[in-house]
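Thanks for making the time this morning.

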Amino acid sequence: MFSFRCPLRWSDLDAQGHVNNSHIVDYMQEARVAFFRSGPTSALLDAGIVVVGHQVEYLSSVEYTPEGVDIELGVASVGGARFEVLYTLSQQSRPVAKARTVLCPYDFTTGRPVRLAPEERDFLSEAAVEAEPLRALKAAPLQRRGTLTKLYPRWSDHDSYGHVNNATMYDYLQQARIEVTAQWDPTMARAGAGDSSYFWLVARQDVDYVSQMSHRLTPYAVRTAPEKLGTSSMTLASEVFNPDDGTVFARGRTVVVCAGSDLHPTPLPDSIRERLVPLLPG
């Protein structure tokens with residue numbers, strides 16, 4: 001396992017005083033880059049490598065501390081042109097998240113995947129670990145179902161490849177989720193805003209990356225819809241796309257838990273459930 005300690009920033013905190021869920025993916029990226037730079041895979045970062053998908057399960061909140069977050073990283077599998085990295089994140093020995101990332105070396109000139117070199121495969125294989133796979137979080141294709149929100153990319157959202165960074169996609173999905181849930185029911189607004197009386201905690205979020213997203217001055221769009229309702233949770237499905245031609249950039253699935261002021265799960269109120277049921281897939 002490769003060990004990495006990621007420092008925190010005060011700006012990583014959200015309105016609830018904890019590190020925002022979207023920053024966990026950023027911490028994973030920092031650990032992954034440090035791992036790649038420690039061996040022959042360093043060249044992959046310079047030549048081109050893309051994230052195919054993330055699976056992130058949130059176990060506990062992350063507080064702001066000088067020590068930061070400790071990340072243990074290993075490689076779950078290595079194929080010809082893709083591999084899977086897994087992570088365990090903890091703070092002061094307390095597990096806070098576990099995750100997996102599928103990556104692929106990529107040639108941006110030809111727009112095609114690139115096979116791993118023998119020395120890259122060997123390096124990745126040396127970091128191989130065994131771990132139980134995360135439960136698949138599935139959602140039916142939206143097929144134009146869902147509430148639309150506008151998405152305005154920022155120039156700072158891009159990475160060294162000139163495309164929107166994979167971690168930024170979690171920000172996009174979060175912004176859309178906060179906007180549409182408050183539209184569905186004002187009591188679903190985030191604590192401290194509007195008529196909210198609940199906290200909404202992200203327990204799991206998976207994202208599949210479909211195509212590269214570039215900067216532009218006109219907005220893109222996000223489509224968000226409820227996929228499943230549990231006792232105290234809801235699963236949302238999302239698509240980030242170009243409204244001009246329908247190109248999909250990413251698809252997400254998010255499990256959000258309704259919590260009281262003590263941050264313990266509480267049943268979804270009947271009033272909210274009644275508003276969401278008609279929006280579920282038929």
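L263 lies in the loop between β11 (248-259) and α5 (270-276), where helices (H or I, at least four residues) and strands (E, at least two) are DSSP runs, numbered from the N terminus. Its phi is near 65 degrees, which is a positive value in a residue other than glycine. With a relative accessible area of 33%, L263 is partly exposed; on the scale used here buried means under 20% relative accessible area, exposed over 50%, and partly exposed in between, with a 1.4 Å probe and protein chains only.

Before I go further, please keep in mind that this is a predicted model, in which local features need pLDDT of at least 70 and side-chain atom pairs count only at pLDDT 80 or more, whereas totals for chains, interfaces and linings use all residues. Residues are numbered from 1 along each chain as its sequence is written, and side-chain values use heavy atoms, with hydrogens and water left out.

Q92 also has a positive phi, about 50 degrees, although it is not a glycine. Q92 is found in the loop between β4 (83-91) and β5 (94-107), and with a relative accessible area of 57% it is exposed.

L8 sits in the loop between β1 (2-6) and α1 (21-37), and at 12% relative accessibility it counts as buried. Its C-alpha is 8.0 Å from that of E67, although L8 and E67 are 59 residues apart in sequence. Setting aside residues up to four places away in sequence, L8 touches V19, Y27, V62, E63, Y64, T65, G68, V69 and Q91, where contact means heavy atoms within 4.5 Å.

L280 belongs to the segment after α5 and is partly exposed, at a relative accessible area of 24%. Between L280 and K228 there are 52 residues of sequence separation, yet their C-alpha atoms are 6.9 Å apart. K228 is also among the contacts of L280, together with R145, P226, E227 and L229, once neighbours within four places in sequence are left aside.

Helix α1 has 17 residues and reaches 26 Å from its first C-alpha to its last, close to the 24 Å expected at 1.5 Å a residue, the expected span being 1.5 Å times one less than the number of residues. Its buried residues include I24, V25, Y27, M28, F35 and F36, and also R32. Helix α4 (168-184) likewise has 17 residues, and its reach of 25 Å is close to the expected 24 Å. Among the buried residues of α4 are M169, Y170, Y172, L173, R177 and W184.

Now the pockets. A pocket here is an open set of points on a 1 Å grid over the protein atoms alone, with protein on both sides within 12 Å along at least five of seven lines, and lining residues have an atom within 4 Å of a point. The largest pocket has a volume of about 690 Å³, volume being the space filled by probe spheres set on the points, which are joined across faces, edges and corners. Of the 27 residues that line this pocket, the closest to its centre are D14, Q16, W200, L201 and V202. The elements giving two or more residues to that lining are α1, α4 and β8 (199-209). The lining divides into 16 nonpolar, eight polar and three charged residues, with Ala, Val, Leu, Ile, Met, Phe, Trp, Tyr, Cys and Pro counted as nonpolar, Asp, Glu, Lys and Arg as charged, and the others, Gly among them, as polar.

And which element gives the largest share of the lining of the second largest pocket? That is α1, with six residues. This second pocket has a volume of about 590 Å³ and is lined by 31 residues, of which I49, V50, V51, Y161 and N166 lie nearest its centre. By class, the lining has 18 nonpolar, seven polar and six charged residues.

Finally, the whole chain has five helices and 11 strands. Its radius of gyration is 19 Å, close to the 19 Å that the globule rule gives for 282 residues, so the chain is as compact as a globular protein of that length; the radius is taken over C-alpha atoms, and the rule is 2.2 Å times the number of residues to the power 0.38. Buried residues make up 49% of the chain, and of the contacts with a separation of 6 or more, 70% join residues 24 or more positions apart.

Notes:
On a 1 Å grid over the protein atoms alone, a cavity is a set of points where a 1.4 Å probe fits but cannot get out, and a pocket is an open set with protein on both sides within 12 Å along at least five of seven lines; lining residues have an atom within 4 Å of a point.
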